[in-house]
Amino acid sequence: MTFDLQPTLRGELLQLRPLQAADYAALYAVASDPLLWEQHPARTRYQEPVFQKLFQESLASGGALVAIDNNTGTVIGSSRFNGYTPAASEIEIGWSFLARSHWGGHYNGEMKQLMLHHAFRFVDSVIFLIGPENIRSQRAIEKIGALRDGNRTDQSGFESWLYRIHTRDIID
């Protein structure tokens with residue numbers, strides 16, 4: 001079975017669907033908040049030229065998803081699958097961000113759970129690469145069961161902490 005990197009996934013709070021070029025304005029409206037990026041290694045992603053590059057890379061990746069709030073129908077963020085490695089039975093989930101209006105609740109957890117359940121149909125292990133100073137993301141990923149499993153340089157050249165969840169660690 002081939003890994004579908006851009007599925008449509010539905011939960012109680014949000015749905016994830018493949019990112020499209022037409023999503024640019026709505027997604028930039030979310031990403032233009034400097035506080036989203038204050039702990040991220042790429043702190044300037046709120047600036048439109050920087051975000052535009054990220055958006056184009058996301059489209060080109062073939063694994064980017066946009067998050068839509070089920071109650072309002074509005075775009076609230078994005079995430080993506082990357083680096084599918086069949087031989088290692090592994091994939092990365094990353095480049096995730098949510099509007100601050102959706103922080104502190106269950107949206108991030110549901111987004112990651114939807115993506116994890118999808119990924120575990122194809123792989124045994126999911127990794128997350130998080131900047132050492134990004135405490136907010138580290139705590140969020142630990143909350144869903146990821147454990148720190150070393151360091152790795154990410155695709156952008158940033159030294160990142162590697163977190164991992166194995167399929168055997170998921171409890172429904």
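1. Arg 164 counts as buried, at 14% relative accessibility (buried means under 20% relative accessible area, exposed over 50%, partly exposed in between, with a 1.4 Å probe and protein chains only). The model is predicted: local features need pLDDT of at least 70 and side-chain atom pairs pLDDT 80 or more, while totals for chains, interfaces and linings use all residues. Residues are numbered from 1 along each chain as its sequence is written, and side-chain values use heavy atoms, with hydrogens and water left out.

2. The side chain of Arg 164 forms a salt bridge with that of Asp 149 (2.7 Å, N to O); the term denotes a side-chain nitrogen of Lys or Arg within 4 Å of a carboxyl oxygen of Asp or Glu. Arg 164 lies in strand β8 (residues 159–166) and Asp 149 in strand β7, so the pair ties together parts 15 residues apart in sequence. Strands (E, at least two residues) and helices (H or I, at least four) are DSSP runs, numbered from the N terminus. Asp 149 is partly exposed, at 41% relative accessibility.

3. Glu 90 is buried at 11%, whereas Arg 152 is partly exposed at 33%.

4. A further salt bridge links Glu 142 and Arg 139 (3.0 Å, N to O). These two residues are 3 apart in helix α4, about one helical turn. The structure holds 9 salt bridges.
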